[in-house]
Structure formats: structure tokens, C-alpha cells
Amino acid sequence: MFRAFRHASAAAGLLASACSSIPEADVSKMRFVEAAGVTTHVETWGAGDPVFLIHGASSHIGTWEPTIVPLLKNEFLVAAYDRPGMGYTTDRPAGSDTLAVQAKVAADVIEKLGLKKPVVIAHSWGGAVALRLALDRPDLVGGLVLIAPVAYDWPGGVDWYNYWSANPLSGWLFNNIVAQPFADASVRSGMAGAFAPNLPPNGWLEAANVSLAARPESLRANGEDLVAAKREVIGQQARYPEIKMPVAILVGDSDRVVSPSIHAMQLARVLPNARIDVLAGVGHLPQEASPERFRKLLDWVHSAK
């Protein structure tokens, strides 16, 4: 039985907007760049050859910080950004639900940060963005490491509350009022769903600041992305054989969020220069289950680009 693309139920906080649970942050101390007309929150760590991180749905920069940033920052220049409407990137211009616009923002961030053909590391829905970036701007990308990526059309749709969040009539009421009481419970159940059948590491929820994805603005942006997701991957999936750069794919065979057979395994078959590693008994965050296997794939792409 194929599993549908169900990011929202397995990602943190899609049924929540409890802003009181979100730690206050000093935005004046953060770094922003203008990228394709979007004032975009960016962070960098370390020095060396560049890698560029693209987060998934119901997510933001923070989900890279517990494991991936510490793993890489002593050897690489690690750069990450919050996609339009997510995290501390509050701008959400018209067309942001399209992969073309998402890829333009990513490309402009790479150029504004002066990154020279970075290896792009992307998780989940970020994988679809990274694929579009490689298709539209191959001159900017040295290679891809895709973690549990979304790449293809799938049976069914997305969960009902994404439509409520994205709806221009019901969205404000749903995101600001109706969803608020469910913040803590949805964050915790969402994380458990994303890691399942594994358990989230102790303290991961807090270290990743997942509650930031529960802000009303992020709920709306995320809902818009997911409602449009199927249309968007259908529009680009036939082009994947054009990607000639090295592409590594890491996936768990027990992923309950994004079907490995529909997405990662099919993608590995059509890309001209791909390598895939399938982790047994692992869910939607294989980079957390085995950072060592993730690092081997990154090293392969880095040496092959």
C-alpha cells in the first residue's frame, strides 16, 4: 500500500499557533538578505567548502541545528535560510507556493551569500525545492544530498487542515484562533510521527525550536505550500533526468510521511548520477537516526562534484 505525502500530520505544530509557547528572539541580531524580493533570514556557521541547507514543510533553520550543523561546521561553511513565510522569514509574496519562486529565492540566497557551487542538502519538501533549483540554476549547485525527498505525484492529497490554513477566507480564523489550544499536543505528536518508528532524541524538540512553525503566519505559508505541492511536483517530475550533477539520497524504509517507493527510490532510478542509501527501520528523519550514513553520502557528493 502506497503512503501519501502527509507532512503536516508528522511535522511539528501544524494544528497549532500558540505564540505564547514560542521563545522570544532578538530579530535585530539576526542576519537577513534580500532574495528575489524576499527579506530572508539566513544563518552561517564554520568555514571551508560551502554546503547549503533547505528545510522541509512545517519547519525552519532550527531543525538543522541539533545534529547537522554540529556535524559539519568544523569542516564546511554551512549556510541555511528560512523559506518564504517560514521561521523568521515573514515575507510571503505572491507565487510563493510555486517551486519556481521557491527556487529563485534559494538561488538568490546562494548568490547573496557568495557561496561557490555549494552542495545543497535538503529535507522532505525542501527536496522538491532543491530539485527545482538544480533544474533551473545548475550553474549554482555543485551537487545534491536529498533526505527523504518529495519528488513525484502521489495517490491522494494532503491533510484537511492544510486547506483550512491556506484558505483566504477561513485561514486567519483557523490559524490564529481555532488551532491555538492544540499547540503543545500537536508539536509533540507531530515530532513522534516524523521520527516513527523511532523516538525523538531527548531534548531534540527544544533544541530545534519546533514551536516556531506554529506561528499563524507559518501555518498559512505551510498550508499554501502543501495544497500546491502535488501540482508543483507534477510540473517538474519529467525533467529530473536533466540533472547531471551527483545526487545522493538518504531515506528510511519505514518513513510514514513521504513514501520511499514513490519518491526516493523512483528518483534514484531516473537520475543519471545518483546514489541511494536506504536505512532499515527508520522513519522520516534518517539523518538523525544515522548521521554517519548521511555524512558518507555528503562526502561522496563533495568529492564527485
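# Notebook: contacts, rings and cores

I began with glutamine 236, whose side chain makes a polar contact with the side chain of tyrosine 240 at 3.1 Å. For a polar contact I took a pair of N or O atoms within 3.5 Å; within protein, one must be able to donate a hydrogen and the other to accept it, and residues adjacent in sequence count only if both atoms are side-chain atoms.

This is a predicted model, so I kept the rules in view: local features need pLDDT of at least 70, side-chain atom pairs count only at pLDDT 80 or more, and totals for chains, interfaces and linings use all residues. Residues are numbered from 1 along each chain as its sequence is written, and side-chain values use heavy atoms, with hydrogens and water left out.

**Glutamine 236, continued.** I placed this residue in helix H9 (residues 216-236). Helices (H or I, at least four residues) and strands (E, at least two) are DSSP runs, numbered from the N terminus. Glutamine 236 counts as buried because its relative accessibility is 0%. Buried means under 20% relative accessible area, exposed over 50%, and partly exposed in between (1.4 Å probe, protein chains only). Leaving out residues up to four places away in sequence, I found glutamine 236 touching Leu99, Ala128, Leu131, Arg132 and Leu135. Contact means heavy atoms within 4.5 Å.

**Whole protein.** I noted twelve helices and eight strands. Of the 305 residues, 57% are buried. Among contacts between residues at least 6 apart in sequence, 82% join residues at least 24 apart.

**Aromatic rings.** Rings of Phe, Tyr and Trp (its six-membered ring) pair if their centres lie within 6.5 Å; planes under 30 degrees apart count as stacked, over 60 as edge-to-face and the rest as tilted. I got seven aromatic pairs by this rule. Tryptophan 160 and phenylalanine 174 form an edge-to-face pair, 6.1 Å centre to centre with 75° between the planes. That pair links helix H5 (residues 160-166), which holds tryptophan 160, to helix H6 (residues 171-178), which holds phenylalanine 174. Phenylalanine 174 counts as buried because its relative accessibility is 4%. Phenylalanine 195 and tryptophan 204 are also edge-to-face, at 5.3 Å centre to centre and 80° between the planes. Both phenylalanine 195 and tryptophan 204 are buried. Ring pairs join Trp160, Tyr161, Trp164 and Phe174 into a cluster.

**Cores.** I took a nonpolar core as a set of buried Ala, Val, Leu, Ile, Met, Phe, Trp, Tyr and Cys residues joined through side-chain atoms within 4.5 Å. Which residues touch the most other members of the largest nonpolar core? Of its 53 residues, they are Phe52, Ile54 and Leu144. Helix H4 (residues 125-136) gives the most to this core, with eight residues. I then looked up a second, separate core of 24 residues, which includes Phe76, Ile121, Leu279 and Val282.

**Backbone checks.** Most residues other than glycine have a negative phi, and most peptide bonds are trans. I logged a cis peptide bond from alanine 196 to proline 197, with omega near 10°. Proline 197 lies in the loop between helix H7 (183-195) and helix H8 (204-207). Serine 124 has a positive phi, near 60°. I found serine 124 in the loop between strand E5 (119-123) and H4. Serine 124 counts as buried because its relative accessibility is 1%. Alanine 148 has a positive phi of about 45°. Alanine 148 sits in the loop between strand E6 (143-147) and H5.
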